[in-house]
Amino acid sequence: MKKRLFLFLIAAASLTAGYAKTDKKPNVLDLKTSITDPAIVYPESFEADTQKLLESWFIKNYTASDNRYATEPDVEVSDEEMVKRLSSLPTVIEMPYNQIVRSYIDRYTKKSRAQIAAILGLSLYYMPIFEQALEEQGLPLELKYLPVIESGLNPNAVSRHGATGLWQFMLGTAKGLGLEVNSLVDERRDPYVASERAVSYLKDLYAAYGDWSLAIAAYNCGPGTVNKAIRRAGGEAKDHDYWSIYNYLPAETRGYVPMFIAANYVMEYYPKHNISPVLPVKPLVIDTLQIAERIHFNQISKVLDIPVDELRILNPQFRADVIPGTPDSPYTLILPSQQVHAYLLSENEIRNLDPDKYGKRSVVEPGEVPNDAMLAVEETEIWPEDTGEEDVAIAAAQGRKSVIVHKVAAGESLASIAEKYGVSPADIKKGNNLRRNAVRVGQQLRISTAMPGEATLADARNTNTAHAKTQTTSKKATTANNSSQKSATTKKAKASGPVTHKIRNGESLSTISKKYGVSVEAIKKANGMTNDKLRAGKSLTIPAKSSSAKKSSAKKSKRKSRKR
């Protein structure tokens with residue numbers, strides 16, 4: 001009986017110990033090596049950005065690689081060897097090994113071998129920039145591999161959320177760090193300036209958390225998300241690191257620190273996995289210039305014979321190929337070192353290459369017409385919605401051309417519009433600087449043509465109406481053309497009666513009176529004017545010529561004929 005009781009107590013004690021062992025909450029040290037995740041989410045940014053990198057101008061023109069990564073398979077490595085290699089890395093930041101880290105290492109060494117080869121080649125250019133920024137701030141040099149997982153070393157990388165550049169700054173974060181972002185300049189893409197601000201930001205995050213794994217996670221998803229995960233995990237913040245809050249982080253952020261560890265591994269041990277970096281076939285030695293004027297990449301390219309794509313690779317911060325320098329705010333231009341001296345010697349030639357095309361006008365006078373656009377025959381611009389028939393008659397009588405502003409209606413094409421006004425499609429394209437034959441609904445086209453008759457003017461007025469009405473208007477235009485004599489007679493009759501004149505810029509009572517053959521006093525009297533001041537856009541009533549004025553005009557003409 002006693003023996004049975006003793007055996008029962010031993011069994012109970014063993015069972016209790018087993019439950020106690022099962023219920024024990026794993027500590028931080030256990031989680032670093034034992035944590036697993038059956039549903040790992042791989043960030044899409046790495047795959048997308050490095051694929052663009054492989055197709056970039058730099059890789060195709062500056063580098064060459066053997067195909068070792070494609071012809072020789074990856075070498076299988078045991079977990080024990082992985083642990084040994086990670087622990088041998090000369091890093092301040094911990095590089096623990098677990099199933100999640102292993103999955104990212106395998107992704108790099110097995111599925112992304114071509115991308116890693118390209119990144120290794122680009123690292124020859126970018127890593128010294130990152131190391132210098134980290135060294136100046138006294139931060140661990142292994143942080144230089146953060147841009148590998150952020151952007152794949154593509155300075156023009158843009159995430160679906162709008163994060164941009166090598167260090168993938170969101171717009172708000174960039175502005176807060178003092179980076180310039182506008183339509184012409186985006187310093188998030190500048191390797192030097194962005195690296196300096198990214199390192200300062202990482203330094204502040206480490207000061208806040210005192211743990212590099214948490215600081216790196218906060219760099220990816222923001223301090224607010226990390227703080228929320230710490231609160232959900234319970235306990236005090238000082239008792240946590242990245243691994244203890246792993247399951248409380250967003251799915252994509254969970255892979256951020258493991259991916260960082262995997263990047264450190266593969267950038268160090270790539271030869272052991274049969275991966276060779278792309279190597280430069282041209283020496284890429286650079287130098288800088290301060291540009292204190294507005295210069296376009298095309299001006300530099302044409303004078304110095306440098307491909308525009310090369311300028312873009314070296315200066316990705318200039319979004320529109322324009323360096324908007326001023327004496328008060330110059331910008332840094334990076335060039336191959338052998339081209340810097342050539343730039344200084346050719347500075348005037350670069351600046352003066354097509355200044356009208358690449359320059360920016362600071363002052364423009366309304367109605368300014370370029371010299372090469374002056375016409376032998378004076379043009380009158382006719383807007384369908386605000387032009388009176390009398391204006392057309394007067395312009396026609398003075399032998400001027402017209403420029404009709406045509407608003408494109410639904411169903412119209414360049415050919416149909418050209419046919420409507422009796423001009424060629426090429427004339428319309430030239431007059432509106434069109435590169436293609438396509439036009440869009442609502443687009444306004446300037447059409448230079450002979451002074452239209454009444455029916456053609458009606459066409460111009462009806463351009464804002466439905467397209468169906470244009471066919472009827474075209475018929476009217478045809479009828480008007482067939483009876484030009486009748487139309488001319490009608491215009492003369494209308495011109496001889498009272499008309500309404502719309503005052504244009506630069507006109508005076510004297511010029512208007514000469515235009516209509518009516519005295520200044522008659523115009524002032526007809527409009528109740530007490531002075532000679534005119535305002536552009538206002539309308540004047542021009543009275544009909546008096547019979548005495550007509551007789552006087554007739555007598556003058558008879559005298560001239562007698563003298564002859």
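In this predicted model, residues 24 or more positions apart account for 69% of the contacts in the protein with a separation of 6 or more. The chain carries 29 helices and 11 strands, and of its 564 residues 42% are buried. The exposed surface comes to about 31600 Å², with carbon and sulfur atoms supplying 51% of that area.

**Confidence**

- The mean pLDDT of the protein is 77, and a value of 70 or more is reached by 68% of its residues.
- Over residues 1–29 the pLDDT is below 50, and this stretch has 4 contacts in the model once near neighbours in sequence are set aside.
- Residues 368–400 also have a pLDDT under 50, and for them the model has 60 contacts beyond four places in sequence.
- Where pLDDT is low, the predicted coordinates should not be read in detail.

**Nonpolar cores**

- The largest nonpolar core has 75 residues, and those with the most contacts inside it are Leu143, Leu146, Trp167, Phe169 and Tyr219.
- Several helices each supply at least two residues of this core, among them α6 (79–88), α7 (99–111), α8 (113–137), α11 (191–209) and α15.
- Helix α8 provides the largest share of this core, with 12 residues.
- A second, separate core is made up of 19 residues, including Val185, Val308, Leu311 and Ile350.

**Leu146 and Leu202**

- Leaving aside neighbours within four places in sequence, Leu146 is in contact with Trp167, Leu202, Ile216, Tyr256 and Phe260.
- Leu202, one of these partners of Leu146, is placed in helix α11 and is buried, with a relative accessible area of 0%.
- Not counting residues up to four places away in sequence, Leu202 touches Leu139, Leu143, Leu146, Trp167, Trp212 and Tyr219.
- The C-alpha atoms of Leu202 and Ala215 are separated by 6.8 Å, although these residues are 13 residues apart along the chain.

**Helix α15**

- Helix α15 covers residues 256–269, and at 1.5 Å a residue its 14 residues should span 20 Å, which agrees with the 20 Å between its end C-alpha atoms.
- Of the 14 residues of α15, 13 are buried, so this helix is largely enclosed by the rest of the structure.

**Aromatic pairs**

- The structure holds 13 aromatic pairs.
- In one of them, the rings of Tyr126 and Phe130 have their centres 6.2 Å apart and their planes at 10°, so the pair is stacked.
- Tyr126 and Phe130 both lie in helix α8, where they are 4 residues apart, or about one turn of the helix, and both of these residues are buried.
- An α-helix has 3.6 residues a turn, so residues three or four places apart point the same way.
- Another stacked pair is formed by Trp243 and Tyr246, at 6.3 Å centre to centre and with 15° between the planes; Trp243 and Tyr246 are both buried.
- Ring pairs also link Tyr125, Tyr126, Phe130, Trp167, Phe169, Tyr201 and Tyr219 into a cluster, and of these Trp167, Phe169 and Tyr219 are listed among the residues with the most contacts inside the largest nonpolar core.

Terms used: Residues are numbered from 1 along each chain as its sequence is written. This is a predicted model: local features need pLDDT of at least 70, side-chain atom pairs count only at pLDDT 80 or more; totals for chains, interfaces and linings use all residues. Side-chain values use heavy atoms; hydrogens and water are left out. The expected span of a helix is 1.5 Å times one less than its number of residues. Buried means under 20% relative accessible area, exposed over 50%, partly exposed in between (1.4 Å probe, protein chains only). pLDDT is the predictor's confidence in each residue, from 0 to 100. Contact means heavy atoms within 4.5 Å. Accessible areas come from the Shrake-Rupley method with a 1.4 Å probe; for residues, only the protein chains shown count as cover. A nonpolar core is a set of buried Ala, Val, Leu, Ile, Met, Phe, Trp, Tyr and Cys residues joined through side-chain atoms within 4.5 Å. Rings of Phe, Tyr and Trp (its six-membered ring) pair if their centres lie within 6.5 Å; planes under 30 degrees apart count as stacked, over 60 as edge-to-face and the rest as tilted.
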